[in-house]
Amino acid sequence: MATSTLTQRPNQTAFTGPGNTIRAEGTSHHGASSEASARGAAIYSQSWLLTIYDWWVLGIVSTYAWACSVPKYTLPWFQQNLRKGQHLDIGVGTGYYLAKSDLTGVQVTLADLNQDALDATKNRLAGEGKVKAEETRTLLHDITRPLPDSCPKFNSMSLYYLLHCMPGPVPAKTAVFSHLKHNLTADGVISGASILGKDVRHNLFGRVIMGFGNWNGMFDNRADNAAEFDEALREHFYEVETQVRGAIFLWKASKPKV
């Protein structure tokens, strides 16, 4: 099935079925609705980065800079909070977490600012026999804006290694929960992982990566801290569980306050 791209008015965007890409009004080719968001998203248009992302970011950097092994901590956290039914993966990267998980009975929707990342993830899931390309929905969207009205309620959502890339202080980042919670089922769960910049101890390698990431616009997380993230989650959800592993904040929330 061919993939189509639709441009419709905000809050009137309709899912037209699996295999389609939906572009919200106001997005550019890369879905950027702000200069800061565009800089972060544009990085993932570089094919070489997508090629080495799993090895470098999820392997070397996560283990030795952030002191949080993805196979040991972050991946199991993702898998434990993946539900059958509708799942929304926001800020898809290369699709690593989905590709390493059992997707039986899961209808996958991918949401990202970057079309290249969406295409790479959809193709990876199809190539590894996880989900047929025509059965994967992709949403070209700025997650700081509410999801289209016709999006389904999701049984689970994931935001892994995304919040530290979003511009602004913690309250600006966590404002996304004020609308995402309305797209979560009553018994659904939303989870994620993010790199903290404050109140954690960074080793030399971590300080170098932090400095470079914040300098080039890939990160905006020098002030990101677990206490503010935890407080924001509790503002929007009745049940919240968080933990810090090295420099990584792992979180999950359920029972949205709507």
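Author: Leaving aside its neighbours within four places in sequence, Thr144 is in contact with Met166, Val176 and His179, where contact means heavy atoms within 4.5 Å. Thr144 is found in the loop between strand 5 and strand 6; helices (H or I, at least four residues) and strands (E, at least two) are DSSP runs, numbered from the N terminus. The C-alpha atoms of Thr144 and Leu180 are separated by 9.4 Å, although the two residues are 36 places apart along the chain. Thr144 is partly exposed, with a relative accessible area of 42%, on a scale where buried means under 20% relative accessible area, exposed over 50%, and partly exposed in between (1.4 Å probe, protein chains only).

This is a predicted model, in which local features need pLDDT of at least 70 and side-chain atom pairs count only at pLDDT 80 or more, while totals for chains, interfaces and linings use all residues. Residues are numbered from 1 along each chain as its sequence is written, and side-chain values use heavy atoms, with hydrogens and water left out.

The side chain of Thr144 also makes a polar contact, at 2.7 Å, with the side chain of Asp142. A polar contact is a pair of N or O atoms within 3.5 Å; within protein, one must be able to donate a hydrogen and the other to accept it, and residues adjacent in sequence count only if both atoms are side-chain atoms. Asp142 has its place in the loop between strand 5 (137-140) and strand 6. Asp142 is buried yet has no salt bridge, and the nearest side chain of opposite charge, that of Arg145, is 4.6 Å away. For charge, Lys and Arg count as positive and Asp and Glu as negative, while His and the chain ends are not counted; a salt bridge is a side-chain nitrogen of Lys or Arg within 4 Å of a carboxyl oxygen of Asp or Glu.

Strand 7 (residues 184-195) is mostly covered, with 10 of its 12 residues buried. Seven bridges join strand 7 to strand 9 (residues 248-256), and these two run antiparallel. Ser191 can be followed through both pairings: in strand 7, Ser191 is the bridge partner of Ser158, and in strand 9, the bridge partner of Ser191 is Lys252.

Another of them brings together the side chains of Lys173 and Asp224 (3.5 Å, N to O). Lys173 lies in helix 6 (residues 170-174) and Asp224 in the loop between helix 8 (204-216) and helix 9 (226-236), so the pair ties together parts that are 51 residues apart in sequence. Lys173 counts as buried, at 0% relative accessibility, and Asp224 is buried with a relative accessible area of 1%.

Arg124 forms a salt bridge with Asp54, the closest N and O atoms being 2.7 Å apart. Here too distant parts of the chain are linked, since Arg124 is in helix 5 (residues 115-127) and Asp54 in helix 2 (residues 47-65), 70 residues apart. Arg124 is buried at 18%, whereas Asp54, at 21% relative accessibility, counts as partly exposed.

For the chain as a whole, there are nine helices and nine strands, and buried residues make up 53% of the 258 residues. Residues 24 or more positions apart account for 66% of the contacts with a separation of 6 or more. The average pLDDT, the predictor's confidence in each residue from 0 to 100, is 87, and 81% of the residues score at least 70. Over residues 1-16, however, the pLDDT is below 50, and this stretch has 44 contacts in the model beyond near neighbours in sequence.

Methods: Two strands pair if DSSP finds at least two bridges between them.
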